[in-house]
Amino acid sequence: IYHYPMQEVKGNIETIYSDNSNSLWIISHNSKGNTLWKLDKSQDKFMAIKLGGWLPSPMNSILQTKDGKMWLGTNNSGIVLLHDNYNVEHMTVSASGHCQHLHAMFELSANQLLMACDDGLWLFNTLTHDYQLYHTTRFANTIASDREGGLWVGTAYNGVGYYSPIAHRSR
């Protein structure tokens, strides 16, 4: 295993993500906040990304959708769009204030993100910015799919949940 020197990074690696073009991204946390990093393959090192705009809370997750848009999930401010120039754009938090603490995201279909949040699983429409409750699973932390299209959801207190789109049922 090759170990990338990251002397600048003090703290924890929160997320490692490979995007559609096979670029590697990292979100790290330390006592001074957190940082978004991207692997510069030409220099063989991770470079800190300077975000334009104000990011009011730490980042937890990152996702690139099939249309190429990059999304960041935050600790207290919900979902943020990361533009190509690294400027951030805050999406309107749902009118009820749900899904502010966003742990993970999954592209369920075109323009539909499934978001794992403290207050359940939420659908977010990337065009209209509307939120809709998908499932009441509390403290959802991670989402994965299997070959049959089933969704696995890891939670903080209730173990692992499964939804079968073929059988239209949960376990």
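Definitions applied to a predicted model

Reader: How many disulfides does the rule give?
Author: The count comes to one disulfide, where a disulfide is a pair of cysteine sulfur atoms within 2.5 Å. The model is predicted, so local features need pLDDT of at least 70 and side-chain atom pairs count only at pLDDT 80 or more, while totals for chains, interfaces and linings use all residues. Residues are numbered from 1 along each chain as its sequence is written, and side-chain values use heavy atoms, with hydrogens and water left out.

Reader: What makes cysteine 99 and cysteine 117 a disulfide?
Author: Their S to S distance is 1.8 Å, which is within the cut-off, so the pair is called a disulfide. Such a link is a covalent bond between the sulfur atoms of two cysteines.

Reader: Why is the pair said to tie parts together?
Author: Cysteine 99 lies in the loop between strand E8 (88–90) and strand E9 (102–109), and cysteine 117 in strand E10 (residues 112–117), so the joined parts are 18 residues apart in sequence. Strands here are DSSP runs of E, at least two residues, numbered from the N terminus. Both cysteine 99 and cysteine 117 are buried, that is, under 20% relative accessible area with a 1.4 Å probe and protein chains only; over 50% is exposed, and partly exposed is in between.

Reader: Why is strand E11 (residues 120–125) described as largely enclosed?
Author: Six of its six residues are buried, so E11 is largely enclosed by the rest of the structure.

Reader: How do you know that E10 and E11 pair?
Author: Pairing requires that DSSP finds at least two bridges between two strands. E10 and E11 have six, in the antiparallel sense, so they pair. Methionine 115 has tryptophan 122 in E11 as its bridge partner, and the hairpin joining E10 to E11 has two residues. E11 also pairs with strand E12 (residues 131–135), antiparallel, over four bridges; there leucine 123 stands opposite glutamine 132. The hairpin of E11 and E12 has five residues between the strands, and histidine 129 in it takes a positive phi near 65 degrees.

Reader: What makes strand E1 (12–18) and strand E4 (45–49) edge strands?
Author: The open sheet has four strands in the order E1-E2-E3-E4, with antiparallel pairing. E1 and E4 each pair on one side only. Within this sheet, six bridges join strand E2 (residues 24–30) to strand E3 (residues 33–40), and isoleucine 26 has tryptophan 37 in E3 as its bridge partner.

Reader: Which residues touch the most other members of the largest nonpolar core?
Author: Leu36, Ile79 and Met115 do, in a core of 28 residues. A nonpolar core is a set of buried Ala, Val, Leu, Ile, Met, Phe, Trp, Tyr and Cys residues joined through side-chain atoms within 4.5 Å. Strand E7 (79–82) is among the elements that give two or more residues; E7 gives the most, with four. Contact means heavy atoms within 4.5 Å, and beyond its neighbours within four places in sequence, methionine 115 has contacts including Ile79, Cys99 and Trp122.
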